[in-house]
Amino acid sequence: MKKSWILPLGIICFLTTVPFYAGTYYTFLTVLAFIYIIISIGLNILTGYAGLFSLGHAGLTAMGAYATAMLSQKLIAVGWLAQPGFHVLLGIAAGVILSCFIGALVAFPSLRAKGPYLAMVTISFGWIIWKILVEWIPVTGGELGIRGVPRPNIGPVLLNTEKFYFIVMGLCIACLFVQRNLIKSRFGRNLVALKFSESASASLGINVYKYKVLAFVVSAFFAGLGGALFAHQQNYVNPDTFGFFDSVFYLLAILFGGAGTLLGPVIGAPILTFLPEMLHRFDMYRLIVFGIIIIAVLYLLPRGVWGEIEGFLQKRKEKVEREIEDEKKIQEVEHVATPYKILGPSAVRSNAVILETHEVTMKFGGLVAIDRVSLKVKQGCIHSIIGPNGAGKTTLLNLISGFYVPVSGDIIFGGRKVNRDKPHRLASKGLARTFQNVQLFANMSVLDNVLVGFEPHCRSTIWQAAFRSGRFTQEEMDIREKAIEFLEFVGLSEYRDTMASNLPYGHQRRLEIARALATKPNLLLLDEPAAGLNALEIKELNRLIKKIQIKGIGIVLVEHHVDLVMDISDEISVLDYGQKIAEGPPLQIQSDPKVIEAYLGESLNA
Amino acid sequence: MSFFLQILISGISTGSIYGLVGVGYSVTYTTMNILNFGLGMWVMMGAMLGYTFYVLWGINFFLAFFLSICLVCIFAILMERVSVNPFVLAGSYVWVMSTLAVGMLMLNTAQLIWGRDPLRFPSIIGEKAIRVLGLGIYPQELLIIVAAFVIMTLLEAFYRKTLTGKALRATAFSFDIAALMGINTTYIAILSYVISGCIAAVAGILIAPVTLAEANMGTVLGIKAFGIAIIGGLESAKGIFVCGILYGILEGVLSGYLYTGIRDIIAFSLVILVLFLKPEGLFGKRTFEKV
């Protein structure tokens, strides 16, 4: 058994003994703590990992609680259902499903809204649900709520607080495992990736909208489950526990424990359950106490309790690594070139056109950024686009990769018209790109960054990930192996565990290329890959681009370094003020009078 | 018809309060990209301080008004220093939580000082409804409308005509560039909080005679005004004010012809619908995402 298992097992053993000596009151409170942990897990995935801020989560919890309260109360009259205890199970299931449904409903208006606008969407939802609970008296019982929510039973055994304790504890541990499995799978990686850069995620084949909806639904699942358990624990539900400040309370729980850490909910939720109880006599100061805790946490533990601990451990690990690295430097050996099977065999350059733009035009307001530009990029060729600043080069790349939709003209990729295709669709069709301002997923490891790039080729489902099925594990091992090969390909394999933001700038550029290659592109768009690199790094980049070309991947290169462009390009197109002013092989471009004029101004002899 | 006109006038009056508080949100957002999530509590604070000085202590109204505003300014400075400034560079949820926390502290403190019951705040221009064309209009409602328009005009003039106002707008455009141009951004940040807090507090003093003053009066009002600021598009003060008035009328119509309970449900559903269709608000500028 691994050493890391000893502490959690010990804690679980300790927790199993609690009901035997703690007395009903504290057992009851501990059950409440487990329930809050479950709810916090959902919020942790949504806010902590995916970075989507929810201030209306209590509304989702309320859905779970009210659904099971109403349904199980109705079904208790049906003898054959109630005797084995199915009425409660069905009630909880209904609560979870309803909560997921509402979660998806919240997600849709949240897709395009950002920052405070997103906060408003979630606040409104929470508010509407709360209002409905208060006002729809015939169904929800209004302010009084619903009393006499049945206690769960298994056959003839009625689950009192002590027995219910074990059920909820089991569920809580199961939820923690599911959280861990989800976060450490491509779903978790993709959510975190979204938080750092939606554009980069989309360019790697991640369907941004789908994943946001998914984050909301998964989060609502936990909220609904927590709410349903809450209803059966308290035996009544009323709107008091599902107001705006309760949503704030959930947020405080994960903030306190550490948002975006696996153990954050485990630390935050229990403390916030027990604290108000200990301060029971000071009930009139409740908001003051919470207010002070929030401010204290923000000042003293900005990453939350577990976030700070993790940070500390990370620092220590890095220190040890650095010492090892220093030793390694002395005996470094030259890299042996591997054949790189990952990108397939070397392909011969063909004359097939892989990308064509036909009279493409793009306007921003009244400004014509791209004016009837036509290009043909051949399979396995390096096609460069150069031009003075503001000529429209990046805009053209954004059009090709689907971030903008052209006003007129056509873009044909792989024989299909793709004018309106979204970036993630194009990525799965074999079009990859890098960004002018490097867009890495900063807080993820180098290896994880590359792993995100495999999204278009991953087939395992979220259920397989949550329960670690064989198919998922196999796929994960496969892509890990391949990702390491890609890192070797660009020469970064020794940095696989480093955080992407800690890489030197030149390495970051190469990592971005490795990530793009992981999508297995037919065409790679590079947006100023040499910007900010020194002469040596440019030389390495030169070799890398050629190595990619040999594999038969077409490359569109936007670049200012003329030496690099002239050296490696098969074809060069020159843009100026949004128009293509010249096209041809490097030598021809160098002597083209129009190009010289665009770069150096009008010739004196003219 | 007269029923509708009645609704219209009180709708415009509550609406201009919503609009004012909404503009209060926008003032700090445009300069610092930070929202004060507890702004509703500042409305309450204005009303409560006004109540204490004017009703409880019997000070002359204008002096009481002046005293309240002075106190609000001091609080605003304190708040900016303690709960906003340290978190400007942190992630957005950090300042959401810190400003909310201050709001919670204010709410609970108010409950302890003034209790939870509504308190009567007599209007300075008379309590009797004026009868015109079969309508009963409270003078305070008219005062609110006039005062709100005056405040909006003054604010606009301040932004356009004074050097400090221009500095605020410059900071709104780019904090860093403003700092490089020699604008004292610390001062501007504090100033934006003072302006925002004062607008909210004045709104509180204005509305208190109509709704009664109570510790909880700012919670819902704050959330509604935030919704209006969002719908109007946080960057456009005029848009927010117009939205506030429209929202006030809508609320009046809904509670006049349907019933009060359903009012907020419909109104907030509309907020969500607007954000679904126009995520940047009705009057916000659509920006092309730069990739």
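**Entry 1: where the chains meet.** I started with the contact between the two chains of this predicted model. I found that chain A gives 38 residues to the contact and chain B gives 37 residues. Which helices of chain A supply at least two residues each to the side that touches chain B? I noted α5 (86–110), α6 (115–135), α12 (244–257) and α14 (286–300). The largest share of that side of chain A comes from α6(A), with 14 residues. Sorting the side of chain A that touches chain B by class, I got 29 nonpolar, six polar and three charged residues.

**Entry 2: one residue in α12.** I picked A:F249, which sits in helix α12 of chain A. Is A:F249 buried or exposed? I looked up its surroundings: there are 21 C-beta neighbours inside 10 Å, and the cut-off for buried is 20 or more, so A:F249 counts as buried. I then set aside the neighbours within four places in sequence, and found A:F249 in contact with A:L272 and A:F290. For another pair, I looked up A:F249 and A:V450, which are 201 residues apart along the chain. Their C-alpha atoms are separated by 37 Å.

**Entry 3: chain A as a whole.** I noted 25 helices and twelve strands in chain A. The C-alpha trace of chain A spans about 95 × 60 × 50 Å along its principal axes. Of the 606 residues in chain A, 48% are buried. I also looked at the contacts in chain A with a separation of 6 or more: 75% of them join residues 24 or more positions apart.

**Entry 4: a sheet in chain A.** How many strands does the open sheet have, and in what order? I wrote down six strands, in the order β8-β9-β10-β5-β11-β12 of chain A, and the pairing is mixed. The edge strands are β8 (431–433) and β12 (579–584) of chain A, and each pairs on one side only. From one strand to the next, the twist averages 20°.

In chain A, β8 and strand β9 (residues 523–527) run parallel and are joined by three bridges.

Helix α16 (residues 393–400) of chain A lies across β5 (382–386), β8, β9, β10 (554–558) and β11 (571–576) of chain A. Helix α16 of chain A runs at about 150° to β9(A). Helix α22 (residues 535–550) of chain A packs on the sheet too, where α22 touches β5, β9 and β10 of chain A. The direction of α22 makes about 150° with that of β10(A).

**Entry 5: a helix in chain B and what follows.** I moved on to α8(B), which has 27 residues. From its first C-alpha to its last, α8(B) reaches 38 Å, close to the 39 Å expected at 1.5 Å a residue. Where does α8(B) bend? I found a bend of about 25° at B:I205, and a proline, B:P209, follows within four residues. In α8(B), 22 of the 27 residues are buried, so the helix is largely enclosed by the rest of the structure.

B:L212 has a positive phi of about 75° although it is not a glycine. B:L212 is partly exposed because 15 other C-beta atoms lie within 10 Å.

**Entry 6: another positive phi.** I looked up A:R468, which is not a glycine and has a positive phi of about 50°. A:R468 lies in the loop between α19 (462–466) and α20 (470–490) of chain A. With 16 C-beta neighbours inside 10 Å, A:R468 counts as partly exposed.

**Entry 7: one last residue.** I ended in chain B with B:T153, which lies in helix α5 (residues 139–161). Is B:T153 buried or exposed? I found 10 C-beta neighbours inside 10 Å, so B:T153 counts as exposed. B:T153 and B:K238 are 85 residues apart along the chain, and their C-alpha atoms are separated by 9.9 Å.

Note on methods. Residues are numbered from 1 along each chain as its sequence is written. Chains are lettered from A and ligands numbered from 1 in the order in which they are written. This is a predicted model: local features need pLDDT of at least 70, side-chain atom pairs count only at pLDDT 80 or more; totals for chains, interfaces and linings use all residues. Two residues are in contact if their C-beta atoms, placed from the backbone, lie within 7 Å. Ala, Val, Leu, Ile, Met, Phe, Trp, Tyr, Cys and Pro count as nonpolar, Asp, Glu, Lys and Arg as charged, and the others, Gly among them, as polar. Two strands pair if DSSP finds at least two bridges between them. Axes are lines fitted to C-alpha atoms, for helices over the stretch in contact, and angles run from 0 to 180 degrees between N-to-C directions. A residue is buried if 20 or more other C-beta atoms lie within 10 Å of its own, exposed if 12 or fewer, and partly exposed in between; C-beta atoms are placed from the backbone. The expected span of a helix is 1.5 Å times one less than its number of residues. The bend at a residue is the angle between axes fitted to the seven residues ending there and the seven starting there.
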